[in-house]
Amino acid sequence: MRNFVNVRNTFPSIDDAKLLVHVAHLRPKRAMASRYVVRQSRDFACAIARSYTSPGNLDRFFRAAGPRNRIRTVGNLAHYSTTKVDTAQRSSTNDHVESATGDATAEQNGGDSSPVPKVSWVTRIKSLFSYGEEVRGSENKDAPKEAQPDGEHHGGLVESPPSGTALPGGEDSLDVPGFLLQDPTGHIHTGVFMKGIVRLDFQEFVQEGACFVCKIGCTINRTAETITVQGTGTSKKQAKREAYTTLALKFHKAGLLSEIKEPGLNLKRHNLHIDDDMLISMKSTLRGLRLNIDSIRKHSKRRHEQLARLQIAPIRSTQRSSLLSKIGGRPLASRKVQVLKQNKTLPITAKKDQILDHIENNTYSLLVADTGSGKSTQVPQMLLDHALAQKTGPCKVLCVQPRKIGATSLAHRVAKERHEKVGDSVGVCVRFDSRLPAKDQSITYCTNGIALNFMRDPDNFFDTFSHVILDEVHERNLDLDLFMLLLKTSIQQRQARGERVPKVTVMSATLDVSLFASYFQNRADDGTLVPAPHLKVQGFAYPVTRHYVDGILRSLSQFYKPAVLGRFLAEPTTRQYLTKLNILSPSSLTDAVDEQPAEEPSEEPSGEPAQEPAEEPADEPAEGQIIPQPADAILKEEDPNVPLGLISAVLYYILSTTKQGSIMVFLPGMRHLLAASDVFKRNGDLLGSQFLDRDRYRVVLLHATMPEGLKELFAPVPAGCRRIIFTTDVAETSITVPDVTFVVDSGKVHQKMYDPLSRSSRLACCWASQSSAAQRAGRAGRVQKGNYIALYTKEMQDSFRVTKYPAMMRENLQATSLRAKQAIVGTAYTSIQSLLQESIEPPEGAMVDESIKSLQRMSALDEQEELTPLGNMLLDIPLDPSYAKLIWLGVIFRCLDPLLIIGAMDNEQGLFHVSSDMAQRKEALDSRLKFSNNSWSDYIGMVNAFKEMRRIRYREGRGAAVSFAHENHINTTAFQQMLDVGKQIVRTLGNTGIIRGGYSSSSDFQFGGPGLNVNSGHVPLIKALLLQAIHPNIAAPRAPAKSSYRTEDAALTYISKMSVNARRPKALFAFGSKRSTATDPNTFMIHQTSHVPPLAACLFGGHIQAKGDNIRMDSWVDFDIKTEGQGNKSAGRLLVELRKAVDESLSLAFDVLSTRKNQAYTKEDHEARLACDTLLRNISELVIEVINRDVDPVYRDSQREAYTTEPESIYPGRN
């Protein structure tokens, strides 16, 4: 209603009916206004009926509602608004309402019913659908059973009727383009402000209570007229959007909207060739799918009746989850758990009694213990030993850690203190490593993700654990926030039922006490809620001397000769970094030597995103372009620069002026680890060593994806050997390296950011928080005096955010929303939005809405936000929902191995290395092209490379596989991680009963075994199914430009230069990720691309609508049907009907698979499984019959042309 009021104030002369129609345009993504109009009262609906009596005008209203809600909207408005009144003299006092079917009607407010004859208005509403048949996902369930003769309307394709009377023009015209109202901010900036048509005078935000107000003032240059508008919202983004929407209405009134052109109108049209043979194949497939649909329905009906008769329940509902049942479930070892004496040297042990009382006397308790106090190792042991000594009953402690490395190292440390092995009374449960404790009295260390999986069965969780410790909660990742939410909600429910709940302890050295105390509240004896109490434990830490970058540079200038120091400071990233910090001016570096250690790579060697420029980028900004900025301005933006030369200079200085102590260097990401270590080794001549003597120096890389680094970190070293440990933020907490006496901190961290408007995720290189800086400094003072070298100023540190920005407010919430929906069952919460708003720091409503919309788009949720059979199955696969769906498509179409390989791949990391050296980059691109085998797909290339390396490993051994990886620029760490993920998913599918076996280490190894890989060599099928999973990630070429594309939400897009499709002829491409460039946030680069033939796009892409010989997908991609023979009149209609059948077949296939999951099997069930397998096999065979005939002329013609691979020619002016 806020939008309603704003527009009413702007256009007071417009009647309510027209106003409501326009409000429907303001929030088109949610269709909120349309549903509001429908549900409020019949008066609003009747007002619309009075004002809009022609289909042409009403069409605007229903298009705003979108295809998802149009049927419901039309039905309700027809029910409310059909009246027995002369159209020339309509009066609201004489309105009567009849049902959409023409039967006797009743007043909706409880009045008497009386028959009312039909009028033509209902017919006009229904005629709105005559534009064409819209198909999307599983929304169209009522496909006709038989194809109708040409020319007969049967709910398929029909021609669009005349547009009808246009909306009135003049002052009251509301003909604002829909694309402008969907993204008013971007279009007004690019189409009006940047062209100089209107001058933006000011834009400011004011907070009023819980709301934000955005005020905008501007001047029309040609008339000097000033315009001032404002918008209100619960967030700045929402307020800004509302203000710009109102501004769009003002510009429309001033006649300025003609200056804004809809993006995508200049898109290239794609030819869809359908000959007579293709028509015959499509008709045959359509008949076969319809027969198969009938068979599946009959099978599903019999199956549900059989399950109801036999009362077979899923295993999960009757048994404890497999992991929880193993904790303490094995026979007790002969040796009893010992009550050990606490480590008297740790500060935490001095307050043992206070800590025990603090925890045992409160449901929730907070513990603030300084770094190095011993909280992570000693508090779980205190609880266990107290229970053993007092014999208070079973004690099972779950200690939840933010990182896999921390959980693993802590479990080993505690087990060593208790003189036992991991798996006795101390266990660990992380991904790919589960050694659960055998004793009834035990401690289990796990990650946040594993704890969240435990909570899928909350009753078993609470019956298993007596204590839950949330350690290092300042990390605040998505899994932790959702786990805390579900934990708190479940405890409230169990307390209401009078059931036992565990003791929950929240720990951190930098805990926000007020935030967590207000979130976790205990119920007092009088029933009131009181904040959780906290206990402070002072740690004993050796003094750590802090040094900042300005003082460091003075020390370096006194130590190095000018030429040597200039060599480091002239390194490009260092020069730009120091100039931007306003520490050095560009002119002070002009005399530096030209030799430079290395250039920072333009893309991540491991695949982590490097920002790519627009069409004509430059390597580095010119010196005159570097503008020094104050600290507060620097911290407001992302900064991917890490000064590699400065880091090397500091390391050589430390090693030359000190005799002992290891050095830990904190960097944001994998590419920075590799680049910094490479620069450091290449300049080892400054110390007279090339760092080949492992008795003197050892370089260790510590990253979450590199388990060998953790092993080397805790391996013994010779006396006098100094280690240089390059690490990301994984070493901030839970890891103690005794000999570290120096910490060099870049002050940067990688954070995953998600933009709901562009639906793109990226790893952003941001400044760290004050709590992270404190944790990093603490690594240097654990066992002796230390030094902390910060590569930023003290002023900047004071401007850092106190704690890390919560992941729930900056990441994609699809998986979180899916889990939240599962947790709602049996609670008082009515929606995903209502549950997530109870988080400790809830996300913006727009982000939740976007995640729900995406889940509905992939058919994981229905229109009422209820879990579908597919949605339930997605929860079983520990992947992003899109790639989890890809796994299930692999099961249905019997091509599991390649689709599982794609799903197991980290879309941000990839399989291939990317080097900073141009010669190596060319070799890496050649390898990608070789493995892609001219399939025009990065995914197919990675699948082929992975399968070949897997074959070599199992047939020739690990050494041969490593050599193969080195020759072909394959990341061995990424390969091993993909292999482990694939094995885990196969085990998961086996545990759910979907597949049997499917894993071996033979040379012909395939995920799922031969039975589920009959079609694994069918490349067109794999590319089509990939589109089905990752849609709407599709890019279409723009007609006038040579290399640019457009996606659904981004007007200007380019293909990454390291894609095999970077220089392909222009065609449709699906893509895995999209990231904005560093130079222009409105320009995007797409990565991991895959060619999409036109027919595959129509059958497996977005919703399609047909008009004549034109097919439009998602309202922006156009296909022209090119037919041969006599099939031109029926081809479009047949394609629409075929798409319906494919969608319904997939929907029923997911339903059939869900009934097979987690069931107890009988002989009858075995027969049913065989019948089910036959039905699924029929689907794949019928679809493949059509896909085999799909021809893309651009793809076909290019097979005859040579393809060069010079990467420097991909973008003009860039090497």
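First, the ground rules. This is a predicted model, where local features need pLDDT of at least 70, side-chain atom pairs count only at pLDDT 80 or more, and totals for chains, interfaces and linings use all residues. Residues are numbered from 1 along each chain as its sequence is written, and side-chain values use heavy atoms, with hydrogens and water left out.

Now the overview. The protein has 43 helices and 32 strands. Helices here are DSSP runs of H or I with at least four residues, strands are runs of E with at least two, and both are numbered from the N terminus. How much of the protein is buried? Of its 1215 residues, 58% are. Buried means under 20% relative accessible area, exposed means over 50%, and partly exposed is in between, with a 1.4 Å probe and protein chains only. The exposed surface comes to about 49,400 Å², and carbon and sulfur atoms supply 49% of that. Those areas come from the Shrake-Rupley method with a 1.4 Å probe; for residues, only the protein chains shown count as cover. Next, contacts, meaning heavy atoms within 4.5 Å. Take those between residues at least 6 apart in sequence: 74% join residues at least 24 apart.

On to the sheet. Strands of a sheet pair through backbone hydrogen bonds, either parallel or antiparallel. Here 3 strands form an open sheet, in the order β3-β4-β5, with antiparallel pairing. Two strands pair if DSSP finds at least two bridges between them. Which strands are at the edges? They are β3 (198-208) and β5 (225-233), each pairing on one side only. On average, neighbouring strands are turned by 15 degrees against each other, direction ignored. Helix α9, residues 236-253, packs on this sheet. Helix α9 touches β3, β4 and β5, and its direction makes about 145 degrees with that of β5. Axes are lines fitted to C-alpha atoms, for helices over the stretch in contact; angles run from 0 to 180 degrees between N-to-C directions. Look at β3 and β4 (residues 211-220): 10 bridges join them. One example is Val 206, whose bridge partner in β4 is Val 213.

Now a helix pair. Helix α22 (residues 572-580) packs against α24 at about 95 degrees, with the axes 6 Å apart. The two are therefore roughly perpendicular; that label covers 65 to 115 degrees, while under 35 is roughly parallel, over 145 roughly antiparallel, and the rest oblique. From α22, Thr 573, Thr 574 and Leu 578 make the contact; from α24, Leu 644, Gly 645 and Leu 646 do.

Stay on α24, residues 644-657, and find Ser 648. Is Ser 648 buried or exposed? Ser 648 is buried, with a relative accessible area of 1%. Leaving out residues up to four places away in sequence, Ser 648 touches Phe 568, Val 679 and Phe 680.

Last, the backbone. Most residues other than glycine have a negative phi, and most peptide bonds are trans. Ala 224 has a positive phi, near 65 degrees. Ala 224 lies in the loop between β4 and β5 and is exposed, at 56%. Gln 1088 also has a positive phi, near 55 degrees. Gln 1088 is in strand β29, residues 1083-1091, and counts as buried at 11%. Finally, a cis peptide bond joins His 1031 and Pro 1032, with omega about 15 degrees. Pro 1032 lies in the loop between α39 (1019-1030) and β25 (1034-1037).
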